[in-house]
Amino acid sequence: MRKTLTAIALALATPAAAQQTTFIHAGQLLDRPGQSPRGNSTVVVRDGKVVEIRDGFAAPDAGATVIDLKDKFVLPGLIDMHVHLLGIGGDPQRARLLALNTELADELMYGAGNARATLMAGFTTVRDLGGDARGIRALRDAVERGDVDGPRIVNAGAPISVTGGHGDPLNGLAEPYAHAVAETVDNTCDGPEDCRRAVRRQVGSGAQVIKFMATGGVLSNVSGGLGRAMEPAEMKAVIDTAHGLGRKVAAHSHAAEGTRAAVEAGVDTVDHGTYLDAATVQLMKARGTWLVPTMMAPRAALAQARAGALPPATIPKAEAAGAVAMESHKRAIAAGVKVAFGTDTGVSKHGDNAQEFALMVGAGMTPAQAIRAATSGAAEALGRDDLGALAPGMAADVIAVSGSPIDDVRRLERVEFVMKNGRVAKP
């Protein structure tokens, strides 16, 4: 009996017993974005990690699986730093019509579909920046368990907002509904001490990153404009508390005054950055603050507002943001501000995320720079050294397209192969 138990223990402890090896033969391989792609190459994957990159099409080990991408351009899985997975995405009118009979369970089911569409588009990691805190944590964990097909999720929970600011769930609600909703609100705060409490509450609900609303927003049903909403002392309380708890911080910010205050307070990423004057751009560059431009969002919001799909209060804000955002982003890119890829998908349709690349190139980035922003750059902004490139020890997140996206970045809108953590998700 003792010999039998010993034999079982040894079998379970033997690494080879649990290992699965895959050889990916790549016609072209961009293993380290920002550098030149390699020619014929082999990516060796074992147990969800890259273990080796070999030149040429290496003969597989005995028992290994071979994936033939000899006619494809292979690169790391893409990272979107700003999405909203829960709920109906890209159709605000339908979302408003269904609001009174949609529950969190429904939001999660929509979220599962949105997550799958995102993964199929080649995005193997996303940063979800706003939704029901418990709902997005549940979706994150379901993806990690393998119960739901989707990208790796770094979740923010509910965004921190001042009372009446962009992110206050009570904005625009009729009084009978406002009374009911008020009992569940835990993301609004007023004053530094209260803002510290709000951050701790989101972390307690599972948030891996913190988002706060430095300024007004386009889609909130309140006509407060896009100017600074949170006081500098409140911003500093949010950021210091989050950093103390090991969380990075994203600032939703449109007006330059709000962006400048957030950067001075030590924020990690500025998301949207719609109005960036020269002084704010130079401050971001000096501090090493990342810009997540979300260029798709103002275009989608403006089209929706003009079509009557959004409340009237959003129309002038959408028009103002749409008119200036591109010039602000061009200014930041030309100055050398660090840029990480993000789309604000959920405003636009899930699965269309890669349309952002062409807009980034239109704002002055090369295709290679835009790809780096969605791979190794975004991984750096997340604080993840296991993502964004294909090298020994890194996550086996691999995608493939036909033809070089360095020649035509829109090829990334048609991803043909997706692997996440060594598991093939598409086809």
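Contact here means heavy atoms within 4.5 Å. The model is a predicted one, in which local features need pLDDT of at least 70 and side-chain atom pairs count only at pLDDT 80 or more, while totals for chains, interfaces and linings use all residues. Residues are numbered from 1 along each chain as its sequence is written, and side-chain values use heavy atoms, with hydrogens and water left out.

Val267 also belongs to the largest nonpolar core, which has 32 residues; Ile160, Ile210, Phe212, Met235, Val238 and Val267 touch the most other members. Elements that give two or more residues to this core include α7 (192-204), β10 (209-213), α8 (232-244) and α12 (315-335). Apart from it lies another core, of 31 residues, including Ala370, Ala374, Val418 and Ala425. A nonpolar core is a set of buried Ala, Val, Leu, Ile, Met, Phe, Trp, Tyr and Cys residues joined through side-chain atoms within 4.5 Å. Buried means under 20% relative accessible area, exposed over 50%, and partly exposed in between (1.4 Å probe, protein chains only). Helices (H or I, at least four residues) and strands (E, at least two) are DSSP runs, numbered from the N terminus.

Now to Leu390, in the loop between α15 (376-382) and β14 (398-401). Is Leu390 buried or exposed? Leu390 counts as buried because its relative accessibility is 1%. Leaving aside neighbours within four places in sequence, its contacts include Leu29, Asp31, Val50, Ile53 and Leu75. Leu390 and Leu29 are 361 residues apart in sequence, yet their C-alpha atoms are 9.2 Å apart in space.

The structure holds one disulfide, a term for a pair of cysteine sulfur atoms within 2.5 Å.

| Feature of the Cys189 and Cys195 link | Value |
|---|---|
| Distance between the sulfur atoms of Cys189 and Cys195 | 2.4 Å |
| Angle about the S-S bond of Cys189 and Cys195 | 80 degrees, right-handed |

Finally, the second largest pocket is lined by 15 residues, of which Val337, Val339, Met365, Gln369 and Arg372 lie nearest its centre. Helix α14 (residues 367-373) gives the most to this lining, with four residues. On a 1 Å grid over the protein atoms alone, a pocket is an open set of points where a 1.4 Å probe fits, with protein on both sides within 12 Å along at least five of seven lines; lining residues have an atom within 4 Å of a point.
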